[in-house]
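Subject: Structure handover

Hello,

Please read the notes with the structure open.

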Amino acid sequence: MTPRIPKAELPAEMKEALIQQLGSVPEPVEVVFNNPAVATSNLEFSAKAAVWDAVDEGLKTFAHMAVAAQVGCSWCLDINYFAALNQNLDLTKASQVPNWRDSDAFNPLEREVMEYSEAMTNTPPTVSDELSASLLKQLGPAGLVELTVFVGFANLSTRVNTAHGITSQGYSEACQIPLAERPRTAGAV
């Protein structure tokens with residue numbers, strides 16, 4: 001699918017850095033770069049979020065994938081399979097995130113993180129006091145704040161990509177796992 005907004009030309013140095021880091025230029029960056037101030041702010045926030053360390057990186061990857069599956073952002077699933085590979089996560093488990101409720105591959109904390117991610121993504125959000133209390137006990141206040149803001153940012157990313165018509169770019173091909181389909185019974189968004 002062609003993005004709904006044309007791709008902008010990136011500065012050569014940025015383009016080279018992205019190719020070196022990811023193997024190709026991410027389409028979301030090219031599209032959002034039609035407004036360089038927005039693109040730069042988005043990239044800066046993403047870089048800052050990437051160094052937060054109160055929550056395990058793998059949990060955050062699964063959280064983002066759960067949001068992406070619920071919203072229907074194949075690009076975010078694609079890039080997060082690639083992230084899972086680079087984080088040395090279990091790729092078979094990662095491939096099951098879009099259908100985590102039907103899989104026995106996940107431990108209780110991973111399941112709660114994905115449940116929380118979906119509950120935050122629902123419109124209106126359906127986060128329960130019980131789920132928040134359980135995650136607070138397991139992750140601590142700093143961890144729950146980090147997870148919440150991370151999931152909020154995942155919602156921003158997935159919804160922007162979906163609205164812009166950006167789809168899978170093939171990053172997951174390096175993982176040798178197929179992109180999972182969006183669950184048919186996803187919650188309301």
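A salt bridge here is a side-chain nitrogen of Lys or Arg within 4 Å of a carboxyl oxygen of Asp or Glu. This is a predicted model, in which local features need pLDDT of at least 70 and side-chain atom pairs count only at pLDDT 80 or more, while totals for chains, interfaces and linings use all residues. Residues are numbered from 1 along each chain as its sequence is written, and side-chain values use heavy atoms, with hydrogens and water left out.

Salt bridges

By this rule there are six salt bridges. One of them joins Lys-93 and Glu-110, with the closest N and O atoms 3.1 Å apart. Lys-93 is in helix α6 (residues 91–95) and Glu-110 in helix α7 (residues 108–121), 17 residues apart; helices are DSSP runs of H or I, at least four residues, numbered from the N terminus. Both Lys-93 and Glu-110 are buried (under 20% relative accessible area; exposed is over 50%, partly exposed in between, with a 1.4 Å probe and protein chains only).

Glu-30 pairs with Lys-7 in a salt bridge whose closest N and O atoms are 3.8 Å apart. Glu-30 lies in helix α2 (residues 27–32) and Lys-7 in the segment before α1 (12–22), so the bridge ties together parts 23 residues apart in sequence. Glu-30 is buried at 14% relative accessible area, whereas Lys-7 is partly exposed at 42%. Lys-7 and Glu-30 also belong, with Glu-27, to a network of salt bridges.

Packing of α4 and α8

Helix α4 (residues 57–71) packs on helix α8 (residues 129–163) at about 35°, with the axes 9 Å apart. Axes are lines fitted to C-alpha atoms over the stretch in contact, and angles run from 0 to 180 degrees between N-to-C directions. The crossing is right-handed, that is, the near helix is turned clockwise from the far one by less than a right angle.

The contact (heavy atoms within 4.5 Å) includes Ala-63, Val-67 and Val-71 of α4 and Leu-139, Phe-150 and Ala-154 of α8. Its residues divide into 10 nonpolar, five polar and three charged. Ala, Val, Leu, Ile, Met, Phe, Trp, Tyr, Cys and Pro count as nonpolar, Asp, Glu, Lys and Arg as charged, and the others, Gly among them, as polar.

Lys-60 and Glu-146 are also in this contact, and they form a salt bridge with the closest N and O atoms 2.7 Å apart. The pair links α4 and α8 across 86 residues. Glu-146 is buried at 9% relative accessibility, and Lys-60 is buried at 3%.

Regards

Methods: Helices (H or I, at least four residues) and strands (E, at least two) are DSSP runs, numbered from the N terminus.
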